Amino acid sequence: MGQKYLPLAFCLWALTCSLLPTSSNGLVRIGLKKRRLDLESIKTARMVREEKSREGLRGMPHYMRSSDEAIVTLKNYFGAQYFGQIGIGTPPQNFTVIFDTGSSNLWVPSSKCLFSIACYFHSRYRSSRSRTYKKNGKSCEIKYGSGSVAGFFSQDSVKVADLIVKDQVFIEATQEGSLTFVLAKFDGILGLGFQEISVGNAVPAWYNMVQQGHVKEEVFSFWLNRDPDAKEGGELVFGGVDPKHFKGDHTYVPVTKKGYWQFEIGDFLLGGHSTGVCEGGCAAILDSGTSLLVGPTPIVTEINHAIGAQGIVSAECKQVVTQYGDSIWDLLVTGVLPDKVCSQLGLCLYDGAQYVSSGIETVIEKGKRNGPLPADELLCTACETAAIWIHNQLRQKGTKEKVLKYVNDLCEKLPSPAGESVIECDSIWERPNIAFTIANKTFNLAPDQYILRTGEGLATVCISGFMALDVPPPGGPLWILGDVFMGAYHTVFDFGNLRLGFAESA
């Protein structure tokens, strides 16, 4: 499969759990422990996100609780990811896994993993100890941004809450090729995405829950409690929703492409003003494995500028504004589209089919290269970014002098290579509201929802909930809505009707 670099969103939730008795209404809860977010958690989460496998970003009735549901109770642990406990085999061998809507495979370390140090820091599956194990043996590999996981397929029963999924195909990992897996607080991943992105076309565990009749409704839902001091951090319900965790009705939007849970968003509003970036529609994916809000570099930079987040100075960006700002302005005024401006200036080459610079490249992606970008590609990237910013300001009737000064200031707010942007904590409420448009409805995020706190007292640090990732057309621009958004809005993953639902969290 193709190798894909994605940034990670950093104030992530993580979970460990213990099985509790079945309740009287047939629901099973998995209780989880929590720990406060800290800066080391953010670094760990970043590495976790870099290791996620990505292959090519290519009025519903309320579901009430019943015996055909299983509930995973979530809590904020270590600020890293969503963790929960599952069992594989008979009797069950327990593993801590990420419940991840951004991937589709189930994998855990294997007892046959002998030469990867990461395996010795985590639970390992032993097929010889399971009465329900069935051999498969087909080899596989999942490639990541800074390593890979290799192993082979096996088949066994999988226990999720009190549900037993029979004959589930999963990966026994025999090689974990990165230090990231040594540091990770999880053993493996349980993907909740579609089979279209499943390595080896393995049937996802969620599909088998449905096909084996474990759930009445083909739906699962997340509620995330963003209060770090709350005992209950959240809830994942298989087979329905919990009405006490949302207000009003859900707004639904169709899944536009099976693979990830992909849908379309409209205009993005900053302080009530249109940014124009997604007026014609942008692709977005809803991903429980990403904690922040991930979007195109130009708009994320504008957001960080508006909220006072400090990034890293881009000399290339300032160079373009100084030397080519007037020319970019003049071309845009005459009606040249932003994505054509830089080729007309000779900063981006066009080979007859596509631009040599394959779109605006995120600063994070630059950092992953073995060496620096060539000088011409750096200028092309900076020019494309500046053209979008200037175009956005032209829409607001700004003068050339003010616009170029504003854009030059934006250059100083480009995200840092690590992705974090820091904000003054004592001025959070002075920051603007931010809103996404979904199904012609605005979904607002207040400053305290998109700005994340870490530490206590004098050590308190506030971090922007936005980071940059650029995907060129036709796949992009692309947004990834992670835990920052899912914490504000209860989310329904309606597998049966191929749609997503959003309602204000309660």
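**Close-up views of a predicted model**

**View 1. Helix 4 and the glycine that comes after.** Glycine 308 follows helix 4 and has a positive phi, near 80°. Helices here are DSSP runs of H or I with at least four residues, strands are E runs of at least two, and both are numbered from the N terminus. Buried means under 20% relative accessible area, exposed means over 50%, and partly exposed lies in between, using a 1.4 Å probe and protein chains only. Among the buried residues of helix 4 are Thr297, Ile299, Val300 and Glu302.

A word on the model itself: it is predicted, so local features need pLDDT of at least 70 and side-chain atom pairs count only at pLDDT 80 or more, while totals for chains, interfaces and linings use all residues. Residues are numbered from 1 along each chain as its sequence is written, and side-chain values use heavy atoms, with hydrogens and water left out.

**View 2. Arginine 124 in its loop.** Look for arginine 124 in the loop between strand 6 (106-109) and strand 7 (134-144). Arginine 124 is buried but has no salt bridge, and the nearest side chain of opposite charge, glutamate 176, is 8.5 Å away. A salt bridge would need a side-chain nitrogen of Lys or Arg within 4 Å of a carboxyl oxygen of Asp or Glu; Lys and Arg count as positive, Asp and Glu as negative, and His and the chain ends are not counted. A polar atom of the arginine 124 side chain does lie 3.0 Å from the backbone oxygen of cysteine 113.

**View 3. Strand 26 and its two partners.** In strand 26 (residues 489-494), 6 of 6 residues are buried. Tyr489, Thr491 and Phe493 point one way, while His490, Val492 and Asp494 point the other. Strand 26 pairs with strand 11 (residues 219-224) in the antiparallel sense over 4 bridges; strands pair if DSSP finds at least two bridges between them. Valine 492 is the bridge partner of serine 221. Strand 27 (residues 499-505) also runs antiparallel to strand 26, joined by 6 bridges, with arginine 499 opposite aspartate 494. The hairpin of strand 26 and strand 27 has 4 residues between the strands, and there leucine 498 takes a positive phi near 50°.

View 4. Leucine 452 has isoleucine 463 of strand 23 as its bridge partner.

Key:
Polar contact = N/O pair within 3.5 Å; in protein donor to acceptor, adjacent residues only side chain to side chain.
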